[in-house]
Structure formats: structure tokens, C-alpha cells
Amino acid sequence: MTTGQTPPYRADHVGSLLRPRALLDARDAHGKGEMDDAELRAVEDDCIRDVARTQEDAGLRGITDGEYRRTFWHLDFLRQIAGVEITEGNFVARFRKDDGSEIGFKPPTMTVNGRLGHVRDIQAEDYKFLASVVSRTPKVCIPSPSMLHFRGGRKAIDEEAYPDMDGFYADLARVYNEEIMSLAGLGLRYLQLDDTNFAYLCDDRIREATRALGEDPDELPHTYCRLLNETLAGRPDDMAVTVHMCRGNHRSAWAAQGGYEPVADVLFNELDVDGFFMEYDDERSGDFAPLRFLPEGKTVVLGIVTSKHAALESADELKRRIDAAARYAPLEQLAISPQCGFSSTVDGNDLTADDQMAKLRRVVEVAEDVWG
């Protein structure tokens, strides 16, 4: 696929957007039992109409629902797979801010306690609504299937349900494939898989923790590429699929750091997708040298506009960074976006809706200047 005319677009974005006050208030009322499911969905619908219009007004061509129906970017989807159990977190994850402060956060824990099954279409109704209110390309973002393995490894997967891991991966790929093919049948042609794990495997501290779980951090990228390829098998030829890599994004804080060198060759050359959204907003992401592994026919969307801070990057600064990346990968195989979502969890990052809009407009402006 040719970048610019088909997804991923020259100016793109990762998916999640800051929640408006009306939506936050409705979710709070729903949680207290003061609003039923239908009333909450009506508020979500109204807010999604507005945020779709906001994206189109900014000049974007790939339009999401802002992930407005979710609390977490991944758990709201994964909990709807049969065999998956989500429980209250029992450990504190240390998310760090650039000023050196930390946020103690207890993320819910995912375990597999039975055979995996696709018991319902998870995104179908949400996609149909989004498609009905946009004039451009509706884009659906879902968590990568690797999320059900990486954080707990073999220990988080019931051994009676899955005495061997081949059976687990086969069922996981089948469940995801059924979901993706149902969306394809409804007309979806732009899908994004959100995967923190490839980027986490670039962090020396997390690589060591992965070994402590009994996993090989050098082998997992190969395993996850095979899993994703099986997940996407049989998709329509005109369905664009991208993978977004993230080092943690919660209230403007992050969890991992390290350049892409440990995973780039495997990722670019073994994963059968059209594009890669890659965080490149600060030194934690390393340099652009790993882009040298990018083969023909695939696109890297450079996440050089941060979603974590309000300060607006200058157009000249962004163009200089694009030029630097183009020393390692052809300019025609590059695009730009914010480095992550603005609200991966319902809390949102430390900036305003006006800041968010300015950044989206800047992405479009720079893309038009660079690629026309």
C-alpha cells in the first residue's frame, strides 16, 4: 500500500483522545448506579460524534472513536474473551514522569483460567456506530494478543486448560482472527494493534524481569510475530493493519525506556503488517538507526509529537527530525503522528483539549509541508 493515499496516512494518530467532562460525569453516574447502560451509551454516542468531527476538522483522515467507551486501552477488550479473568492488581507498577516523580499505579491483573473463546463480536457495534458518523476512514484500535502473555508469562496461564503453550497461542490467534474477520465483514479497512511488549523488550530492566518469569526476551519477538501473523491470516487485501508500540502511557508517565535495536530487525521483517507507529518523542526511544531494517512496502509512522506534555513542537523542529529519520529509511516510507494516545486510560494525560487539538493540527501541517 502507498503511504498517504491509504492507511497509515502521512498525518495520523494513535487513537485515544482526552475524555470530555460530560463523558466522565456520565461514567461516574453509571458506576454509582444512577445511569443505566442505554443512557451511558447515548452520552458516549454524542461525545464520539463530537470527537470524530474534531479529528476531521484537524485534517486527519483516519478517524477513531477516541476510545471513549473504554476505561483502559486494553482491558475493556480482553475481558470479553472467554477464559480471561481480570482481577484487581496486587502489585504497584512504578510509572515515571520526566520531572523524576513517580506514580504508584495498581494495574488490574490478567490471567487465563480456561480455554479461550470468541463468544461475541467485541467491537462490531462500536465500529458500526463510528462508521456511521464519519466521512473519512474509520479506524479501530484493539490491544495486541501478546498482551495476554507478556505480563504474566506461562505462570498466568492455567496449565489444565493449556498444558502446552502451542495450544494457547493457537486458540488466542483463532479468537482474534474471528474478531478481525467479523470487523472485515462489516467493512473495516483500517485496524491498529496496540502492543507495548515489543518496546518493553528494549528496556534492560524489563528484559531481566522477563527472564525471571522464565521467558527468553530474545525469542519472544519471534513468538509474538508468529502470533500476530496467525491472528491476521486471511484478512482482506485492502485492509491496512498497523502496530503501535508504547513504553507506557498513564497520566503523562511512562514505564520503559530503550532504543528499538533489540527488536527492529525481527519486527520489520517478520511481522506481516503495513505500518508501525513508533514512539520517538524523546531520548527514551533511542535514535533512528534501527529504521535501517525497514523493508520496502512498509511504513513507519514517526511519533515525534508528544502526547504527554502541553508544549507544542515547532514545525521546523519536527521537519529536522523527519530529515534525521530519512537518513535510515526512505522518506516515502515515513509518516508522522503523536507518539501515543492522549488518554490511554480514562484519566488522560496532563494537557488540555486545546493542547491536543493544536498538536493534531501541527501533525497535519507538517505532513502537508513535507509530503504535499
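A word on the ground rules. The model is predicted, so to speak of local features we need pLDDT of at least 70, and side-chain atom pairs count only at pLDDT 80 or more, while totals for chains, interfaces and linings use all residues. Residues are numbered from 1 along each chain as its sequence is written, and side-chain values use heavy atoms, with hydrogens and water left out.

Let's start with the whole chain. The protein chain has twelve helices and twelve strands; these are DSSP runs numbered from the N terminus, H or I with at least four residues for helices, E with at least two for strands. Its C-alpha atoms fill a box of roughly 55 × 50 × 45 Å along the principal axes. Of the 372 residues, 60% count as buried, where buried means under 20% relative accessible area, exposed over 50%, and partly exposed in between, with a 1.4 Å probe and protein chains only.

On a 1 Å grid over the protein atoms alone, a cavity is a set of points where a 1.4 Å probe fits but cannot get out; a pocket is an open set with protein on both sides within 12 Å along at least five of seven lines, and lining residues have an atom within 4 Å of a point. Grid points are joined across faces, edges and corners, and a volume is the space filled by probe spheres set on the points.

The structure holds two cavities of 30 Å³ or more, and the largest cavity has a volume of about 90 Å³. Its lining includes Thr64, Asp65, Gln123, Asp126 and Lys139. Helix 4 (124–133) and strand 7 (140–143) each give two or more residues to that lining, and helix 4 gives the most, with three.

What about the second largest pocket? About 350 Å³ of space lies in the second largest pocket. Of its 15 lining residues, the closest to the centre are Arg41, Glu44, Arg69, Gln80 and Asp126. Helix 2 gives the most to this lining, with four residues. By class, the lining has three nonpolar, three polar and nine charged residues; here Ala, Val, Leu, Ile, Met, Phe, Trp, Tyr, Cys and Pro count as nonpolar, Asp, Glu, Lys and Arg as charged, and the others, Gly among them, as polar.

On to the rings. Rings of Phe, Tyr and Trp (its six-membered ring) pair if their centres lie within 6.5 Å, with planes under 30 degrees apart counted as stacked, over 60 as edge-to-face and the rest as tilted. The count comes to nine aromatic pairs. Phe77 and Tyr176 form a tilted one, 5.5 Å centre to centre with 45 degrees between the planes. This pair links distant parts of the chain, with Phe77 in helix 3 and Tyr176 in helix 6, 99 residues apart. Phe77 is buried at 2% relative accessible area, and Tyr176 is buried at 0%.

Phe150 and Tyr200 make an edge-to-face pair, 6.4 Å centre to centre and 80 degrees between the planes. Phe150 lies in helix 5 and Tyr200 in helix 7, so the pair ties together parts 50 residues apart in sequence.
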